[in-house]
Structure formats: structure tokens, C-alpha cells
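Here is a walk through one protein model, from its cores to its ligand site. Keep the sequence and the 3D view side by side.

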Amino acid sequence: MDAQKILFELEKLYPDARPALHYATPYELLVAVILSAQCTDERVNKVTAELFKKYNTPQAMLTLSQEELERYIFSCGFYRNKAKHILSASRDIVEKFGGQVPGDHAKLKTLAGVGQKTANVVYAVAFGGDAIAVDTHVFRVANRLGLAHASTPEKTELQLNEAIPKNEWSRAHHWLIYHGRRVCHSQRPDCAGCTLKELCEYHNKK
Ligand code: SF4
């Protein structure tokens, strides 16, 4: 596996790769990322377009009851847990961080309902930090290409941190997501049309 060549190709393919979730502030991004678990970005964007009209700060969000918030986010799935996490994280932001989402990775992870993947996305996208969030696309594509050989997202993240220069982590995250969405599909990867096939372990083993 030649990580440099793979990254070079991915950058050529997706020079404008950026997050698909709509947000204007770190808080809006945090809420959108919590909502995006097991849900499409398109659906999240529709839900947050309504929700953020009135509730786009932790203080405003905390004026909603659990049930009221659930009604806004119902169509994103897992709405009970997501509402609980959004309200808990909002409470933490107000009580522990003066109403501002912390820009420090370790502090982000102390927020209720915020795990490694969510913290990585917010840290990298909202604050320009170096992190690779391993979602389902990153996990699948990285392991197929051979950038990682891991059975879990946690191990995949550690291996990607080794294989990819730190200053490329954030952009590589977006490149791998784009490639997973457009070419390297879960069920039927378009290997014949993939410009990375010469470099790809999965394809070369077939
Ligand atoms: S060659 Fe196939 S498996 Fe490898 S990255 Fe391309 S689409 Fe995915």
C-alpha cells in the first residue's frame, strides 16, 4: 500500500471535498453531527433548517423539553436518544463552558453524548484541528484501500493516524467519505470505474 499515492489520487478526485451538513456555528455543527448518526445528511439538513430558526444556541435549545425537541427531530431516527444527547450536551456547554462549544478535543469529549467520532468532526471542521473521524464510509474505504487493516472504527482511526500525515487528516476524512458515497459503495463498489484500483488491496486481491 502506497499511502502517498492514494492520498494524491483522492485529492485529485475531490479537491473541493467539504462537509455536507449545513451549519453556521460550532454549536450548530455539533447538533447536526449528533443528528446524523444512522441518518442521511440531506435529512439532517432539512430538520436543522427548521430547528435552527429558533433553537441554534445551547441556551435556546434548553428552553425545549425533551418531548418538544423529539418532535422536531423525529424523522432523523433514534430521536429519543438524540434529543437526550443534544439537551445534555447543551446543558454541559452552558454550565461548564460559558455557553460556547469548547475548541479543545479533550473538552469536547467531556460533553454528554459526544463520542470520539462527533468530537473529531467538530474539532476538525469547526475549529480546524487535526483529526480523522471514522464513520461508516471512512471505515469501509480505508480498509478496502489498505490504508488500514482494522476490525473497528477505533483501531482504524489509530492506523490512519499512522498512515496519513497529520496535516492531511481532516481533508483525508472528507476524501474518503466522498469516495465511499460516489464510487466505493458498500454493496457494489464500482471497481471497474475507480481510478484507485491499481492501488487498492481489495481490488487487487479479487
Ligand atoms: S478499487 Fe473498488 S474497492 Fe478499491 S477503492 Fe476503488 S471502488 Fe473501492
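Helices here are DSSP runs of H or I, at least four residues, numbered from the N terminus. By that count, Tyr178 lies in helix H11, residues 169-182. The model is a predicted one.

Start with Tyr178. Its relative accessibility is 16%. Buried means under 20%, so Tyr178 counts as buried. Leaving out residues up to four places away in sequence, Tyr178 touches Tyr14, Asp16, Ala17 and Arg18. Arg18 is 160 residues from Tyr178 along the chain, yet their C-alpha atoms are separated by 8.9 Å.

Now turn to the nonpolar cores. In soluble globular proteins, nonpolar side chains tend to be buried together. The largest nonpolar core in this model has 36 residues. Within it, Leu51, Met61 and Leu69 touch the most other members. Six helices each supply at least two of its residues: H2 (26-35), H3 (41-54), H4 (58-61), H5 (66-73), H6 (79-97) and H8 (116-127). H2 gives the largest share, 8 residues.

Beyond its neighbours within four places in sequence, Leu69 is in contact with Leu51, Met61, Leu64, Ala83, Ile86 and Leu87.

Where does the ligand sit? The ligand is in the largest cavity. Around the ligand are 13 residues, and the closest are Cys184, Cys191, Cys194, Cys200 and Tyr202. Helix H9 (136-145) and helix H12 (201-205) are the elements that give two or more residues to this shell. By class, the shell holds 8 nonpolar, 2 polar and 3 charged residues.

Key
Residues numbered from 1 in each chain as written. Predicted model: local features only at pLDDT ≥ 70, side-chain atom pairs only at ≥ 80, totals over all residues. Heavy atoms only, no water. Core = buried A, V, L, I, M, F, W, Y, C linked by side-chain atoms within 4.5 Å. Buried < 20%, exposed > 50% of the residue type's maximum accessible area, 1.4 Å probe, protein only. Contact = heavy atoms within 4.5 Å. Near = heavy atom within 4 Å. 1 Å grid on protein atoms, 1.4 Å probe; cavity = no way out; pocket = protein on both sides within 12 Å on 5 of 7 lines; lining within 4 Å. Sits in = over half its atoms within 2 Å of the grid points. Nonpolar A, V, L, I, M, F, W, Y, C, P; charged D, E, K, R; others polar.
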